[in-house]
There are 2 protein chains.
Amino acid sequence: MKTIPNEGILAPAGFHAGSVACGIKSAAGALDVTVIVSETCASAAATFTTNRFAAASVHWNRTLLPTDDLRAVAVNAGNANAFTGQQGHDDVRATTELVARLLRCRPSQVCVASTGIIGHPLPMDKLTRGITDACDGLSLGASAADCAARAIMTTDTHAKLAAVESEAAGRKFRIGGIAKGSGMIAPNMATMLAFITTDAAVAPDVLHRCLRGIVDVTFNCITVDGDSSTNDTVLVMAGGASGTVIESEGASLDAFRQALHAVLADLCHQIVADGEGATHVVRVRVLDAADVADAERAARAVAESQLFKCAIAGGDPNWGRIVCALGYSGADVRAETTTVSIGDVCVVRDGVPTGQDASAPMQLPEFDVTISLGRGEGDASVLTCDLTHEYVSINADYHT
Amino acid sequence: MKTIPNEGILAPAGFHAGSVACGIKSAAGALDVTVIVSETCASAAATFTTNRFAAASVHWNRTLLPTDDLRAVAVNAGNANAFTGQQGHDDVRATTELVARLLRCRPSQVCVASTGIIGHPLPMDKLTRGITDACDGLSLGASAADCAARAIMTTDTHAKLAAVESEAAGRKFRIGGIAKGSGMIAPNMATMLAFITTDAAVAPDVLHRCLRGIVDVTFNCITVDGDSSTNDTVLVMAGGASGTVIESEGASLDAFRQALHAVLADLCHQIVADGEGATHVVRVRVLDAADVADAERAARAVAESQLFKCAIAGGDPNWGRIVCALGYSGADVRAETTTVSIGDVCVVRDGVPTGQDASAPMQLPEFDVTISLGRGEGDASVLTCDLTHEYVSINADYHT
């Protein structure tokens with residue numbers, strides 16, 4: 001497996017993208033609409049937010065996916081089209097009809113996604129012009145991929161792309177993706193969107209199964225408590241242009257899964273590193289929990305502790321905040337079997353403070369916190385970032 | 001019922017307190033030990049943290065309470081004596097033996113409480129001297145009450161006292177209290193301590209039942225998700241010096257409950273208003289939920305949303321963050337029955353944005369967010385504060 005730099009969703013053969021600035025974002029000239037098109041009818045699958053107030057686009061996509069018949073995804077940033085009632089659903093329908101007319105396909109072959117402010121109707125005049133222009137300008141290559149990645153950004157500070165090339169049964173295939181961050185990852189609702197393309201041929205149900213399994217250990221390990229925004233979506237399209245067929249089991253599926261994992265993990269890492277105001281990336285690894293669910297509970301409690309996240313920002317090896325979070329996590333924990341390391345420095349061994357100073361690893365831009373609970377064989381890890389002044393500035397000043 | 005200013009735990013007859021600076025806190029001359037003494041054997045009850053790594057003092061107090069035989073509570077700030085193993089338990093035992101010797105009672109008549117850094121053994125030489133001096137200097141009055149309130153502070157910016165006088169069956173009684181905040185209230189672990197005294201005569205089981213009921217709707221409505229620190233404690237002592245007897249039911253119990261609620265609610269409000277870096281106090285009220293549990297879920301989700309707390313700091317009426325939190329709260333919600341007001345301004349009525357501007361109420365230092373879910377008759381409210389730069393500064397810079 002090798003990494004393909006810069007080409008994101010356009011690294012795999014058979015896809016085009018067009019991106020424009022149509023004025024939905026308030027910043028002049030900011031790209032805010034992208035249309036990603038498959039030359040052929042693609043297999044497609046997605047995972048969505050569990051929020052009860054899911055956006056109109058999420059409702060639409062849920063009725064379509066998984067499918068073996070997707071042609072395009074139209075995405076806008078700057079307006080979430082969430083909590084917009086019947087108007088929101090009507091606007092989604094109009095958008096898919098527009099894309100279908102422009103691409104000469106059916107509305108049921110078009111998915112949509114939105115991110116931005118909640119509770120405001122979509123500015124359909126701007127969006128209509130934007131989508132028309134985007135479909136006029138469909139193209140290939142690194143520049144078009146970068147524009148697509150930029151067009152879905154909100155408070156992200158840079159575009160997020162990833163792609164790999166791998167082999168299955170002696171034939172090459174590629175998987176590429178773009179994503180937008182949920183600002184800081186831990187909080188309750190900022191929207192995360194990711195779009196993945198591949199030129200492998202994969203049946204929709206296989207694609208769906210693969211995606212769900214990998215999202216569970218990637219995107220779902222950078223969000224909080226199942227908290228999710230009204231719009232969160234990870235959508236994958238498999239066009240088959242490489243001619244490489246992925247079977248429903250065996251070596252080809254393993255290769256595909258490994259490549260998909262690499263792309264999603266890469267995008268997740270970029271999202272956390274670009275968390276609003278983030279200056280450190282920390283992987284909280286919990287080992288030897290009573291079971292995997294307990295390991296996840298413990299890892300999430302530490303990764304989401306506001307006080308621990310402040311300690312990371314301050315470079316303070318205050319491991320008391322780690323064990324306290326373990327104590328309220330709901331996981332089966334005992335002091336006498338708990339071991340905690342920050343980076344390579346063991347600060348608590350079997351419940352006893354070692355007295356070692358973990359200041360040095362906490363200065364690193366990226367480090368692990370490794371916790372062994374000594375209660376069983378469950379392991380899990382969650383990626384988090386620090387809570388900084390900059391986060392508060394961004395979110396106190398992001399006005400409606 | 002009338003409010004007694006300034007006297008806190010010493011407003012009721014029959015209690016003394018002594019407070020000293022013994023060097024457990026690093027700031028020179030900062031009060032860090034207080035001993036609260038009942039002249040008679042008092043009824044006592046308490047509610048404690050649910051953290052699995054509860055401090056040694058919490059373990060000790062749990063074995064004693066409820067009781068009809070408490071004489072004193074010894075408290076230190078600056079060191080939590082949590083995650084300190086057998087040494088921690090030995091130190092609690094030694095502390096209670098010391099207090100018992102000084103007051104000529106039994107160790108089983110002495111409760112202890114601690115707050116501060118986790119994972120460091122108590123400096124017993126300092127604590128021994130501190131407790132000895134505190135017991136030497138037991139006194140009455142507003143100044144002694146204020147010192148006790150100061151001696152339990154950590155990052156609090158001012159002392160928290162409350163007291164009321166009320167009547168039961170034609171006889172007067174008083175209830176007073178002191179508390180220390182959990183810094184910002186929403187986060188995961190900062191310690192909250194409260195000590196309450198009364199000169200009413202109340203049986204231990206009645207006292208315990210009363211306390212639990214009222215803590216559920218006061219202190220438990222300013223913390224997060226059942227998350228609680230290793231040391232959280234609300235402890236009440238009833239000495240009986242007023243001669244006013246509270247029966248196990250009827251009018252006297254109602255009067256006592258009302259007075260206890262007033263004192264606890266007052267302390268809670270002070271804690272939230274003094275939340276680390278807080279500049280606004282917001283009461284999130286959820287009405288007409290499917291049931292009370294659902295109302296609590298919804299109110300907590302909004303009150304704990306990091307993004308909404310930043311919006312409060314910025315004075316931004318971004319109600320999208322409110323409905324999004326409702327959407328992931330797990331409560332039974334439907335857009336078409338959801339109504340949201342910020343202060344007096346209705347921003348969403350039956351799922352439809354009203355277009356009204358709620359900027360004005362959000363400038364107030366204190367306001368309500370009122371949410372009607374239209375699903376039943378469950379009501380709940382949670383008190384919260386904003387998330388500010390100052391919060392990050394305090395918690396990034398609070399070094400071990």
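1. Quick definition before anything else: a helix axis here is a line fitted to C-alpha atoms over the stretch in contact, and angles run from 0 to 180 degrees between N-to-C directions. Keep in mind that this is a predicted model.

2. With that in hand, look at chain B. Helix α1 (residues 56-64) and helix α2 (residues 85-103) have axes that come within 8 Å and cross at roughly 55 degrees. Angles of 65 to 115 degrees would count as roughly perpendicular and those under 35 as roughly parallel; α1(B) and α2(B) are therefore oblique to each other. As for handedness, the crossing of α1(B) past α2(B) is right-handed.

3. Who makes that contact? On the α1(B) side you'll find B:Ala56, B:Ser57, B:His59 and B:Trp60, and α2(B) brings B:Gly88, B:His89, B:Val92, B:Arg93 and B:Thr96. Sorted by class, the α1(B)–α2(B) contact comes out as 3 nonpolar, 5 polar and 1 charged residues.

4. Now the fold of chain A: 11 helices and 17 strands. Its radius of gyration is 22 Å, close to the 21 Å from the globule rule for 400 residues, so chain A is as compact as a globular protein of that length. Along the principal axes, its C-alpha atoms fill a box of roughly 70 × 50 × 35 Å.

5. On to the pair of chains.

Conventions: Residues are numbered from 1 along each chain as its sequence is written. Chains are lettered from A and ligands numbered from 1 in the order in which they are written. This is a predicted model: local features need pLDDT of at least 70, side-chain atom pairs count only at pLDDT 80 or more; totals for chains, interfaces and linings use all residues. Side-chain values use heavy atoms; hydrogens and water are left out. Helices (H or I, at least four residues) and strands (E, at least two) are DSSP runs, numbered from the N terminus. Angles under 35 degrees count as roughly parallel, over 145 as roughly antiparallel, 65 to 115 as roughly perpendicular and the rest as oblique. A crossing is left-handed if the near helix is turned anticlockwise from the far one by less than a right angle, and right-handed if clockwise. Contact means heavy atoms within 4.5 Å. Ala, Val, Leu, Ile, Met, Phe, Trp, Tyr, Cys and Pro count as nonpolar, Asp, Glu, Lys and Arg as charged, and the others, Gly among them, as polar. The radius of gyration is taken over C-alpha atoms; the globule rule is 2.2 Å times the number of residues to the power 0.38.
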